[in-house]
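Colleague: Please take a close look at one part of this model and describe how that part sits in the chain.

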Amino acid sequence: VVPNQRYMEWQEEQRKYKSAEFVPTDMAGKPYDDSYKQEISKNYTVSIAFNKGAYQVISNQDIEHIGK
């Protein structure tokens, strides 16, 4: 088999047997409701911890103290 031919066969397999998108579900098979996570994360900011290169999560109330 020519390498290009094998690649074409592989592409055809990928189109034919698409993997299912992973959606976490509960025991009944219903998708989890993750919308609350977006609401909670609106109250926080990710920032560099001082000048050390690491990141930290800071509440929006404490943004004025970043890097101090």
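Modeller: I66 lies in the segment that follows strand β2 (55–59); helices (H or I, at least four residues) and strands (E, at least two) are DSSP runs, numbered from the N terminus. This is a predicted model, in which local features need pLDDT of at least 70 and side-chain atom pairs count only at pLDDT 80 or more, while totals for chains, interfaces and linings use all residues. Residues are numbered from 1 along each chain as its sequence is written, and side-chain values use heavy atoms, with hydrogens and water left out.

I66 has a relative accessible area of 29%, so I66 is partly exposed; buried means under 20%, exposed over 50%, and partly exposed in between, with a 1.4 Å probe and protein chains only. Leaving aside residues up to four places away in sequence, I66 touches S47, I48 and I58, where a contact means heavy atoms within 4.5 Å. Q56 is ten residues from I66 in sequence, and their C-alpha atoms are 9.7 Å apart.

I48, one of the residues that I66 touches, also belongs to a nonpolar surface patch of about 770 Å², together with Y36, I40, Y44, V46, Y55 and V57. Areas come from the Shrake-Rupley method with a 1.4 Å probe; for residues, only the protein chains shown count as cover. The elements giving two or more residues to this patch are α2 (35–41), β1 (44–48) and β2. Strand β1 supplies the largest share, three residues. Y55, in strand β2, is exposed, with a relative accessible area of 59%.

As for the rest of the chain, there are two helices and two strands, in the order α-α-β-β along the sequence. Of the 68 residues, 6% are buried. Among contacts with a separation of 6 or more, residues 24 or more positions apart account for 0%. The chain exposes about 6,600 Å², and carbon and sulfur atoms supply 54% of that area.

Definitions and conventions
Patches are made of residues with over 30% relative accessible area and no salt bridge: like charges are joined within 9 Å, nonpolar side chains (Val, Leu, Ile, Met, Phe, Trp, Tyr) within 5 Å. A salt bridge is a side-chain nitrogen of Lys or Arg within 4 Å of a carboxyl oxygen of Asp or Glu.
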